[in-house]
Amino acid sequence: MATVFMKWLETNPKDYERGIRLITLGRITRIREKIAAEYVKPGNQVLDLGSGTGELTRMIAAAGAQVSAVDASPGMLDEAEEKIQAAELDQQVRFHQLDAAMIDEVFEPQSFDLIICSMVFSALQPELQRYLLQTFPQLLTPNGKVVIVDESLPKSWFNRSLYKLRRGALTVLTWLLTRTIFSQPLADTRAIFSKAGYNTQLISSYLGSSLTIFEAQPGSVPVEFHQLVGRLHHAPSLLTLFKDLLELFFRIMPPYPKTKAGLYAVGQPDAQSAVLVTGNYDLTVRRLVKAIDGKLNAWVLVVDTAGINVWCSAGAGYFSAEKVISAIKTARLDKVVSHKTMILPQLAANGVDGWKIREATGCEVTWGPVRAEDIPGYLDRQGQKTEDMRLVRFPLLDRLEMLTAVLSFYALIILLPVLFFWRENFWPVTLALVGIGLFYAIFLPWIPGKDGLVKSLPLSLIVLAGYLVYSLLGPPASLQTEFNWGVGLVGLSVFTAAELQGCSPLMRGEQANWIAEGIIAIVLGLIYFLVPATLGWN
Amino acid sequence: MEDQITNPSIRDLIMEHLELALTLKKLRIYFDPEKCTGVWECLQVCPVGCWEADQALGKVIYVHAERCIACGACGLQCPEGAIELRV
């Protein structure tokens, strides 16, 4: 059930398109029309970087250009492809599902007369911006141009305040209506391109110069950038405590707190130090740093995995070989270390194709231990993993942690209706839910059954036995009440065991139990309504 | 334009997950020992210890099928295409 909720919270292409119109107050349409009308000539080769749902792609193709539309999201590309086919422009558009950092591998030098980045740059890490700024000149024909449409922070104090007020309100509204969050605006679009040696010109600006179109032409001398390396420390504070609590109780509810992707130094690493690759969920990075800070000097390469932990992001396609290759290239790792060995978390192996990375970068990929705590030991042993380092476990502390994370979400779904419609039983139901959850989490390894659904049978029996003892010793109640509680407790037990399967690393996902769960719910519902009716209870 | 835009309904999402429910339990590993050349990647990445090395033969053996959680890591990392996770 949690997965359906999370899926719903994910942005889908149509939402994204609505979001972009909302956050630009509809100006984006006018801007797209202007670009298609003024910049595109029939026969031009155009690169639409970050093509999204293909609105701009369609307009450029309709203006007669040949378009290469690049986007990292398969969902966006599907949507765009449908749109282009409906407009019968498929002869003019080629779609590429690509991370932006791969464009120099896919396209030949001097392929494009025009490169368009519409609402793209603000969403990119500085490393990736820098990489693109260096790559564009190679891909452009001698007189080629880059056109950048993006939000940028207005210069004047008045406009900036006005923009911040409006953007704040729009951000909330856009999230509520479309569940899309747009990145912060660029601090200074012109400066980004000018510093990279481009001749940059403002074409037009909208909404108090918070939404701008710039045109940039590469300069004749390529500019060398200095290396961007961050630092990470293990430094517990009130802020990290707050984050720990937030990430405990809201673990499964997006948006997930992220660490900025990129290359970081832990300790005093040098050219020979190990490179550890990881995902960009805030807790993931902090736990990794906690495990190694003070024990060793290493480089940590944080890959953009949409703020999702290593295993889940790899399973869901957010942590992929392309993402790692892109991170290696944009961090310019070859300028930092002299060796070519990357240590990837073992649990990324279900989504990151190691051979693709070896082929594309010439790097040696090794699969590190499952747990970050084992990294110092793993490095001491020259990268030899013991069996213990390879196996996932689910110890008591982890079980309690996951129970808390899951219950804090389900508590909302189950307890809020109880609070509103069945107020007198709020505390008993809360107690039952927490009690069953705790019992299940603590005794999980000893409850018979291979998966959560099977385990829910012994769990139900134990819970019913517990309730029997309570009703014998406790205050007397009517048969109807006892019956209702019996049915309710079985329901809660099945629900707990079947749903907590999703956070146990030793079982298949909780979706495996969906159908059975539904049938059990229907049967329990029938029992609840039919038994009192047949027995003539009132 | 605006009114043509619709979200995937909760119903679509539930149907998608029911399909997942039907396939998830049936997924299993198909291992072809003929193709195995002893790269040991599967052994390195399996988080539940399904695989063991047969040093004499220079191949892995799929020992603990009952532990498999269908994560698919072994299949993805096998360069010889000897391992497949499917229904």
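1. Where in chain A is the place of A:Leu207? In this predicted model, A:Leu207 belongs to the loop that links strand 6 (199-206) to strand 7 (211-217) of chain A. Although A:Leu207 is not a glycine, its phi is positive, at about 50°. A:Leu207 has 17 C-beta neighbours inside 10 Å and therefore counts as partly exposed, the class between the cut-offs of 20 or more for buried and 12 or fewer for exposed.

2. A positive phi also occurs in chain B, where the value for B:Trp40, a residue other than glycine, is near 70°. B:Trp40 sits in the loop between strand 1 (28-31) and helix 2 (41-45) of chain B. With 15 other C-beta atoms within 10 Å, B:Trp40 is partly exposed.

3. The crossing of helix 3 of chain A past helix 4 of chain A is right-handed. On helix 3 of chain A the contact involves A:Arg32, A:Glu33, A:Ile35 and A:Ala36, and on helix 4 of chain A it involves A:Glu55, A:Leu56, A:Met59 and A:Ile60. Five of the residues in this contact are nonpolar and three are charged, with no polar residue.

4. Helix 18 (residues 426-443) and helix 20 (residues 479-500) of chain A pack with their axes 10 Å apart, at an angle of about 45°. Helix 18 of chain A is thus oblique to helix 20 of chain A. The crossing of these two helices is right-handed. Helix 18 of chain A contributes A:Ala432, A:Leu433, A:Ile436, A:Gly437 and A:Tyr440 to the contact, while the residues from helix 20 of chain A include A:Leu489, A:Leu492, A:Ser493 and A:Thr496. By class, the contact holds eight nonpolar and three polar residues, and no charged ones.

5. The largest nonpolar core has 65 residues. Those with the most contacts inside this core are A:Leu276, A:Val277, A:Val300, A:Leu301, A:Val324 and B:Cys42. Beyond its neighbours within four places in sequence, A:Val300 is in contact with A:Leu232, A:Tyr264, A:Val266, A:Leu276, A:Thr278 and A:Leu288. Another core, of 60 residues, lies apart from the largest one, and A:Ala101, A:Phe121, A:Tyr131 and A:Phe193 are among its members.

Note on methods:
Residues numbered from 1 in each chain as written. Chains lettered and ligands numbered in written order. Predicted model: local features only at pLDDT ≥ 70, side-chain atom pairs only at ≥ 80, totals over all residues. Left-handed = near helix turned anticlockwise from the far one by under 90°. Helix = DSSP H or I, 4+ residues; strand = E, 2+ residues; numbered from the N terminus. Contact = placed C-beta atoms within 7 Å. Nonpolar A, V, L, I, M, F, W, Y, C, P; charged D, E, K, R; others polar. Core = buried A, V, L, I, M, F, W, Y, C linked by C-beta atoms within 7 Å. Axes fitted to C-alpha atoms, helices over the stretch in contact; angles between N-to-C directions. Parallel < 35°, antiparallel > 145°, perpendicular 65-115°, else oblique.
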